[in-house]
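Hi,

Here is the structure I promised to pass on to you. Have a look at the sequence and the fold first, and then read on for what turned up.

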Amino acid sequence: MKNLCEIVKDLLPLYHDDVCSNESRSMVEKHLLECNDCKKYLDSMNNDFIQSNIEKATEQAKFDRLKGLKKKLFRKTMMISAVSVLCAIVVFLAGFSLIFHYEIPILYEDELLSVDIADDGVINILFNSKDYHCIYTYTKTIEKNGIEQDVVFVYYTDSIWTKYFSKPHKNEVKQFSIGNNIMVDSDKNGESILSKEDITAVYYLIGDYKNLAQMSNEEFTKATQDAILIWKKCTVL
Ligand SMILES: [Zn+2]
């Protein structure tokens with residue numbers, strides 16, 4: 001019997017895993033009916049198997065949970081990164097826009113502009129300061145001293161860039177010209193209403209000069225009353 005027990009115990013792992021031959025299976029089952037010792041041995045094998053499966057399942061659950069957490073963390077990190085990149089882009093664009101496009105009117109001071117009349121009568125306005133961002137002009141027929149006159153109002157703006165950072169190019173003449181049909185009002189067909197000869201004066205605007213085009217004559221006169229005369233035709237008083 002002892003020898004048989006040894007043989008059965010050798011076979012029990014195969015029997016347990018259901019990989020032994022039919023003859024071995026019959027022999028083992030027959031022996032298990034008679035031998036308590038081998039039956040106990042098989043029971044302990046089953047218990048070990050169940051225990052090991054429970055441990056495996058617990059480990060797998062732990063692993064799955066950790067994997068889930070890692071996935072969540074990765075998603076969160078990606079989300080934070082994407083939002084950060086988006087914020088950085090928005091801040092960069094806002095900063096860029098502020099520095100290069102936010103306009104600050106340049107207040108008139110002595111010798112900011114000088115006027116030069118070319119041989120063909122074009123009025124050249126020269127900007128004598130460091131740099132500017134944009135020029136705005138507005139042509140209007142006004143009544144001054146009882147005479148109707150066509151005058152040009154002009155003002156310059158800085159951006160933060162031109163005010164604080166940009167360096168003027170050497171030998172660069174900052175000039176624009178009135179009278180080449182660009183700076184003079186046109187009608188709907190693009191035909192020039194005024195010619196350079198009609199312009200009698202150029203003023204630099206100060207104060208509230210937004211929406212000049214929408215203003216009534218009265219509002220316009222009020223908005224432009226402090227404009228500084230920078231040039232006028234000699235023949236006009
Ligand atoms: Zn036995």
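The protein has five helices and eight strands, where helices (H or I, at least four residues) and strands (E, at least two) are DSSP runs numbered from the N terminus. Along the sequence they come in the order α-α-α-β-β-β-β-β-α-β-β-α-β.

Before the details, a word on how to read the values. This is a predicted model, in which local features need pLDDT of at least 70 and side-chain atom pairs count only at pLDDT 80 or more, while totals for chains, interfaces and linings use all residues. Residues are numbered from 1 along each chain as its sequence is written, and side-chain values use heavy atoms, with hydrogens and water left out.

**Overall numbers**

Of the 237 residues, 29% count as buried; buried means under 20% relative accessible area, exposed over 50%, and partly exposed in between (1.4 Å probe, protein chains only). The accessible surface is about 16900 Å², and carbon and sulfur atoms hold 56% of that surface. These areas come from the Shrake-Rupley method with a 1.4 Å probe, and for residues only the protein chains shown count as cover. Among contacts with a separation of 6 or more, 63% are between residues 24 or more positions apart, a contact being heavy atoms within 4.5 Å.

**The helical part**

UniProt, in an unreviewed entry, places "domain: Putative zinc-finger" at residues 5-38. Its positions are given in the numbering used here, feature names are shortened, and annotations may be inferred rather than shown by experiment. Over residues 5-38 the chain is 82% helix and 0% strand, with the end C-alpha atoms 7 Å apart.

Helix α2 (residues 22-34) has 13 residues and reaches 19 Å from its first C-alpha to its last, close to the 18 Å expected at 1.5 Å a residue. The expected span is 1.5 Å times one less than the number of residues. Which residues of α2 are buried? They are Ser24, Val28, His31 and Leu32. Seen down the axis of α2, these fall within an arc of 105°, so they line one face of the helix; the arc is that of the directions from the helix axis to the C-beta atoms. The face turned away from the buried side carries the exposed residues Asn22, Glu23, Lys30, Leu33 and Glu34.

Helix α3 (residues 36-101) has 66 residues and should span 98 Å, and its end C-alpha atoms are 95 Å apart, which agrees. Its buried residues are Cys38, Leu42 and Met45.

**The cores**

The largest nonpolar core has 31 residues, and those with the most contacts inside it are Leu113, Ile125, Tyr156, Ile178, Val202, Tyr204 and Ile230. A nonpolar core here is a set of buried Ala, Val, Leu, Ile, Met, Phe, Trp, Tyr and Cys residues joined through side-chain atoms within 4.5 Å. At least two core residues come from each of β3 (123-127), β5 (147-158), β6 (175-178), β7 (199-204), α5 (217-223) and β8 (228-232). Strand β5 gives the most, with six residues. Apart from this core lies another, of twelve residues, among them Val8, Leu11, Leu12 and Cys35.

Leaving aside neighbours within four places in sequence, Ile125 is in contact with several residues, including Leu113, Tyr156, Phe176, Val202 and Ile230.

**Single residues worth a look**

Ile199 lies in strand β7 and is buried, with a relative accessible area of 0%. The C-alpha atoms of Ile199 and Asp150 are separated by 5.1 Å, although the two are 49 residues apart along the chain.

Ser159 sits in the loop between β5 and α4 (160-165) and is buried at 1% relative accessible area. Not counting residues up to four places away in sequence, Ser159 touches Ile99, Phe100, Tyr102, Ile104 and His133.

Most residues other than glycine have a negative phi. Asp18, however, has a positive phi of about 60°; this aspartate lies in the loop between α1 (2-16) and α2 and is exposed at 54% relative accessibility. Glu111 has a positive phi of about 65°, is found in the loop between β1 (104-105) and β2 (113-117), and is exposed at 66%.

Best wishes
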